[in-house]
Amino acid sequence: MKIHFRSNDVEGQLWQQRTADRLRQAMGRLHGLVARIKVGLDDINGPAGGVDKRCSVEVHVLGSSPVAVSATARSWQDSVESAAFRIRQRVVQQLHQATWVEHQRGALVPVRAR
């Protein structure tokens, strides 16, 4: 699982490692199904302040279409936490719509249609 990171804010760039760690934790056992994650941390209205820290996450799941979420909050931590929680929910929801089974080693693998 590769994580591609971008930010338009110097402070947001300092959150790169923490954001990557939080997304790895959020994906948990699903990490084997994720080809890559694109993350963007943007300060929407710069130094003006307010609820303007946005974390955008796009997950490319193997054999499926990408899943994307965005969360905006007053702090980088809150936006990252919210986006990580929501992206896991969306990926799990997408996987439940497809047919998947648990493989012997604990990894999820797709079941072929008969």
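**Entry 1. Lys-53 and its partners**

I looked up Lys-53 and found that its side chain meets that of Asp-43 in a salt bridge, 3.4 Å from N to O. I take a salt bridge as a side-chain nitrogen of Lys or Arg within 4 Å of a carboxyl oxygen of Asp or Glu. This pair links distant parts of the chain, with Lys-53 in strand E3 and Asp-43 in strand E2, 10 residues apart. Helices (H or I, at least four residues) and strands (E, at least two) are DSSP runs numbered from the N terminus.

The model is a predicted one, so I note that local features need pLDDT of at least 70 and side-chain atom pairs count only at pLDDT 80 or more, while totals for chains, interfaces and linings use all residues. Residues are numbered from 1 along each chain as its sequence is written, and side-chain values use heavy atoms, with hydrogens and water left out.

Lys-53 also forms a salt bridge with the side chain of Asp-52, again listed at 3.4 Å, N to O. I recorded Asp-43, Asp-52 and Lys-53 as linked in a network of salt bridges. Are Lys-53 and Asp-43 buried or exposed? Both are buried, and Asp-52 is buried as well. Buried means under 20% relative accessible area, exposed over 50%, and partly exposed in between, with a 1.4 Å probe and protein chains only.

**Entry 2. Arg-6 and Asp-42**

I searched the whole structure and got 5 salt bridges. One of them joins the side chains of Arg-6 and Asp-42 at 2.8 Å, N to O. Arg-6 sits in strand E1 and Asp-42 in strand E2, 36 residues apart, so that the pair links distant parts of the chain. Arg-6 counts as partly exposed because its relative accessibility is 45%. Asp-42 counts as buried because its value is 11%. Side chains of opposite charge can pair when their charged atoms come close.

**Entry 3. Sheet and helices**

I then traced the sheet. Its 4 strands form an open sheet in the order E1-E2-E3-E4, with mixed pairing. Two strands pair if DSSP finds at least two bridges between them. The edge strands, each pairing on one side only, are E1 (2-7) and E4 (67-73). From one strand to the next the twist averages 15°.

Strand E3 (residues 53-61) runs antiparallel to E4, and 7 bridges join them. Within this pairing I noted Cys-55 opposite Ala-71 in E4.

Helix H2 (residues 16-27) lies across E1, strand E2 (34-43) and E3, at about 135° to E2. Helix H3 (residues 76-97) lies across E2, E3 and E4, at about 155° to E4. The axes are lines fitted to C-alpha atoms, for helices over the stretch in contact, and angles run from 0 to 180 degrees between N-to-C directions. Contact means heavy atoms within 4.5 Å.

**Entry 4. Nonpolar core**

Which residues have the most contacts inside the largest nonpolar core? I listed Ile-37, Val-57, Val-59, Ile-87 and Val-91, in a core of 25 residues. Such a core is a set of buried Ala, Val, Leu, Ile, Met, Phe, Trp, Tyr and Cys residues joined through side-chain atoms within 4.5 Å. H2, E2, E3, E4 and H3 each supply at least two of its residues, and H3 gives the most, with 7. Leaving aside neighbours within four places in sequence, Ile-37 contacts residues including Met-1, Ile-3, Leu-23, Met-27, Val-57 and Val-59.

**Entry 5. Val-10**

Last, I checked Val-10, which lies in helix H1 (residues 10-13). Val-10 counts as exposed because its relative accessibility is 64%.
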